[in-house]
Amino acid sequence: MKLDRGFPLVRFPDGATLRCEHATALVKGEKVRAVIGDRVEVSVPDDHDMGIIEAILPRSRAFVRKDPTERAVAQVLAANFDRVIVAQPLAEVNRRRLERELVLAYETGAAVTVVLTKADLAQDDAQVRAVRDQVRALVGPDVQTIVVTSADPASVEAVRALVPAGSMAVLIGRSGVGKSSLVNLLLGEDVQETAAVREGDGKGRHTTVSREVIELPGGGRIVDMPGVRGLGLWDADSGIGAAFADVEALAEGCRFRDCRHGDEPGCAVRAAVAAGELAPERFASYQALRQETAEIKERREQARWAQGEKASHARAPKGRGSGKRSRGGKPRR
Ligand code: GDP
Ligand code: ZN
């Protein structure tokens, strides 16, 4: 239910909660840790004031990014949710960031919704409609785009309808977009500290790193994910495919199946850009995100190879060669 000081807060079926630590056997070797939304098996020894997480049950869904501090390590931020809600400020939509957030959201396999916040800061209704329509065109027909503002609490009812009892939604978006305010509106009370409060406490806003499941009265659960600053892609091929379905459909027409849409002849994607059918910025985002996943894949392969190499050095006799591996013939995708 909550992750803050390293000891997950676990809720039992009867509603009781308990701070827990991880069993040594669970975290030895690999860095396996329970995350928000995980279902766990806990033992409660008599002589112990904390529970012990003995097992983490298989995750139906996970929100995964590249660990910002490691070159080739994934980091799971939340598990077992049904929907990802991507928040962007209506008057200042950052299109490139939105594209990245959509890739990460789609990659989880959960339902995706975009919420445009702080609509009261728009110049007028015409701007609200124009931005909403632009974002709708970007996200495609399957994703709902909802406009909200704290000036009109009823505006969040459409969001509430997407988080019914028994379901869980994860809320992502950069710090300051109004995620805590949205959660407070859904709750009808101030449970999540908003930025104004955090700044006032003198500790600075980046001190708030806890992640917590919040139960909406009569509804489902929502997790506001503060501190999600670096959203590096991890496994993102299917997420990119979903977020850029238009580009991938065009790519079907490329002469080469593994076309990189660079200088290959017969590239249908570049042809569409030249013909004005695909916006150059969108093509650039697509290429940049594809490049990023290709790089992280390469690094993971190198890390795996280095580990395998260490293991085989331990076992195999000396003089096995320098370990250089031919990269020739490697398929491009
Ligand atoms: P978070 O970091 O995403 O959780 O963002 P907060 O909910 O803390 O909001 C950041 C700032 O934006 C705070 O000062 C809020 O008062 C303000 N804010 C949030 N929602 C709205 C809104 O709908 N309209 C306006 N004008 N300000 C808002
Ligand atoms: Zn191409």
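Reply: Buried means under 20% relative accessible area, exposed over 50%, and partly exposed in between, with a 1.4 Å probe and protein chains only. The model is predicted: local features need pLDDT of at least 70, side-chain atom pairs count only at pLDDT 80 or more, and totals for chains, interfaces and linings use all residues. Residues are numbered from 1 along each chain as its sequence is written, chains are lettered from A and ligands numbered from 1 in the order in which they are written, and side-chain values use heavy atoms, without hydrogens and water.

Me: Why is His 22 called buried?

Reply: Its relative accessible area is 14%, which is under 20%, so His 22 counts as buried. His 22 belongs to strand S3 (residues 17–22), a strand being a DSSP run of E with at least two residues, numbered from the N terminus.

Me: What makes the arrangement around the zinc ion (ligand 2) tetrahedral?

Reply: The four donor atoms subtend angles of 104 to 115°.

Me: Which residues are the protein donors of the zinc ion (ligand 2)?

Reply: They are Cys 254 (SG), Cys 259 (SG), His 261 (ND1) and Cys 267 (SG), lying 2.1 to 2.4 Å from the ion; donors are N, O and S atoms within 2.8 Å of the metal (3.2 Å for Na, K and Ca).

Me: Why does Cys 267 count as buried?

Reply: Cys 267 has 7% relative accessibility and therefore counts as buried.

Notes:
Four donors count as tetrahedral if all angles lie between 85 and 135 degrees; four count as square planar and six as octahedral if opposite donors are over 155 degrees apart and all others between 65 and 115; anything else is irregular. Helices (H or I, at least four residues) and strands (E, at least two) are DSSP runs, numbered from the N terminus.
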